[in-house]
Amino acid sequence: MKLSLRPILWLVAGITLVTFALAYLEVRADEHRLLADLERSTAGAAERMQDDLPTQAKAGSREELQRLVQRLAKGEHVSGVALFDSQGISQALTPGMATQLAVPLSSLVKAKAESQGRGEFLWLEQSRVYVYVLPGQAAGRAGVLAVVEDASYIDAQKSRIWRDASLGVLLRVLLIALTALLVIRWSIVEPIKQTAQWMRALRTGGATKQMALPDGTLLEPLAKEVASFARSLDAAKETAAKEARLRETADATWTAEKLSAHVLKKLQGNRLLVVSNREPYMHRINGRTVETIVPASGLVTALEPILRASEGTWIAHGSGDADRTMVDEHARLRVPPDDPHYTLRRVWLTKEEEQGYYFGFANEGLWPLCHIAHTRPTFRAADWEQYQAVNRKFADVVLEEMEGAEQPFLLVQDYHFALLPRMVKKRRPEARVALFWHIPWPNPEAFGICPWQRELLGGMLGADLLGFHIQAHCNNFLETVDRVLESRISWERFSVQREGHRSVVLPFPISVDFAEPAPTPTPSNVLAAERAAVFAELGNNGATRLGVGVDRVDYTKGILERFCGIERFFEKYPVYLGQFTFVQIGAPSRTEIKRYHDLFDQVAAEAERVNARFQNGKWKPIVLRKWHHSHQEILPFYRAADLCMVTSLHDGMNLVAKEFVAARQDEQGVLILSRFTGAGRELRDALVVNPYDSEELADAIRLGLEMDTPEKKARMQRMRRVVKEYNIYRWAGNLISELADLRIEPPESTKAHARSGGGMGGM
């Protein structure tokens, strides 16, 4: 790499200017100090001489005055002394002063008039002197005493300082220039040269490993960008290699890479937008810093590869207390933080909007309405107003983000945005809109409780594609539409034709990311150590068998019914007292709602009641962990458990069941699964139970603990094949495929309305 001398020259020039400026300041300061010393010493000598004049000059003869001034000059070590009368006539002066001294008469007169000393610098025969005049006595008469001191040494001192400064500048410039050349070459030029060579090797395929990049603040930004570039390039190469392998095996497992390639092909360059209530990245204040939090969500796992591939936009409620500080003026942020590939657009909600739309209508109304878990839904007109307002606010943001896109794709997530598809479709009829409903859809009689069922259904049917977890939910939805709205339903094609628009209704069973097992099985001693660590974390209470449950504390999850089943298990099979412990990981959920707050207390109280009945020493039947756990914290419990209990009273799918299966690479463990979950229709090798039947739950626990190893392995192998084949990436790929392949034909009335620039209007 060729080193340019221009930066060195600029550095030398800068150092020279700074050094001379400092030298100038030093010279000025030294000169002022020397002058002040000279003035002070000369004035002192004059004042001492004045004290001797009255007593030693009484005779007043000129000869005596001449001797006097010579003696005074010699005694004070000054260059010369002179006495003048009041008229300015010389009375006596030291030898050699007659032709040199030319004290202005004005100075003598002024000194006498002021009756105080006064000094001036004068040039005498190309030499600078300092003259100090002071009123005195000469031959008994009033006069003026003049003291002269040589000041030429001050100029000599200045010349010496400038000479030393010039030599210093020269030496410093040479030293610093040489040092700069060495530093730049060793610390900058060489590392950049090596980095450039390494990047060239990466580009041409010659590099085999990551280069050790230089540390330090100067090259740290470059190091980060180069490292990010290398990771991206490696990932692109790996993706290309994987896709080549996938093309060779059409039935290969869906992966994030396969999903990305599939999405690129299906979108054909069109814009993709996702709308959800929860954001994929949240920013919170932690002390003096801002931390990035990735909420635990299968949705992020599924949708992020789609958005990465399409450089899309995710629109969500910005709920973090530091979210506003991290976005630009348009509330946008590029994510993921370490490798930005798509845009997060945050929508701000007031406390009133969040309370009415989210906690009120969505979670106190629609959630219990759809889950049929014997909890009465609450519908308030004020909550409905906020729900409409928030859906309209999100729709406005979606339309803003769609500007300039010819045929955008929109994926709307869940029951929070039932009205949004129609709001968007009225303004952008050419857009492809899908709504996936992540919770169950009840039968028509149950949904008829909702006072605004017509508006909700009308909003949902604005979507071109409506997705549910299972076919039964699709059937319930179509039956509800058939009873409530004037429309034409095709049961053969599972579609609804209404107001010139067709909506297709299909099942898309959501799943989890299935991690491929390691090439070599985990040794049994490692698994045993991990299991022992879990028991140690629980306090080494003497138990040898373990059950686990992982849920948000929600009344739909059947946690209280689960505890009743565990209690009945110990009643029927007391041999397991002291041997079997059930760990319930229960994350608090929606505690702002009284029903959830009370349930949290109920769950804790029920666990304490069962423990009080059966507890013996350190052992207790139920260990309740009432705080949030990350997925990494939950995994050891999945892998160590003899059985996992999922006893939901009503659930669209339930991903905990699939997470447990995906975690069991040892192909052991038993899944006890509620028949009222969507997962119960896919994982047929689980022990399927009625969570309301405590007898059946108790027997299922015993069967799970006593099942022989070959049967457990066979059941787990079959369930793992299902989860692997129908994983989260396949779910997302199928959803995108169906939406992309739909035939979109907006009605003429809608086209005309859009061309005229009509507003969004009411529902």
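Predicted model: local features only at pLDDT ≥ 70, side-chain atom pairs only at ≥ 80, totals over all residues.
The largest nonpolar core of the model comprises 166 residues, and the residues with the most contacts inside it are Trp314, Leu410, Trp437, Leu456, Phe477, Leu671 and Trp731. When residues up to four places away in sequence are not counted, leucine 456 touches Phe361, Leu366, Trp384, Tyr387, Ala418, Leu419, Phe447 and Cys450.

Helix 8 (residues 351-371) packs against helix 9 (residues 381-402) at an angle of about 110°, the two axes being 8 Å apart. The two helices are therefore roughly perpendicular to each other, and their crossing is left-handed. Helix 8 contributes Glu352, Glu353, Gly356, Tyr357, Gly360, Phe361 and Leu366 to the contact, whereas helix 9 contributes Asp383, Trp384, Gln386, Tyr387, Val390 and Lys393. By residue class, this contact between helix 8 and helix 9 consists of 6 nonpolar, 3 polar and 4 charged residues.

Serine 495 is located in strand 16, which covers residues 495-498. Its relative accessible area is 5%, so serine 495 is classed as buried, the cut-off being under 20%. Apart from neighbours within four places in sequence, serine 495 is in contact with Arg488, Ile489, Ser490, Arg502, Ser503 and Val504. The C-alpha atom of serine 495 is separated by 10.0 Å from that of cysteine 474, which is 21 residues away along the chain.

Key
Residues numbered from 1 in each chain as written. Heavy atoms only, no water. Helix = DSSP H or I, 4+ residues; strand = E, 2+ residues; numbered from the N terminus. Buried < 20%, exposed > 50% of the residue type's maximum accessible area, 1.4 Å probe, protein only. Contact = heavy atoms within 4.5 Å. Core = buried A, V, L, I, M, F, W, Y, C linked by side-chain atoms within 4.5 Å. Axes fitted to C-alpha atoms, helices over the stretch in contact; angles between N-to-C directions. Parallel < 35°, antiparallel > 145°, perpendicular 65-115°, else oblique. Left-handed = near helix turned anticlockwise from the far one by under 90°. Nonpolar A, V, L, I, M, F, W, Y, C, P; charged D, E, K, R; others polar.
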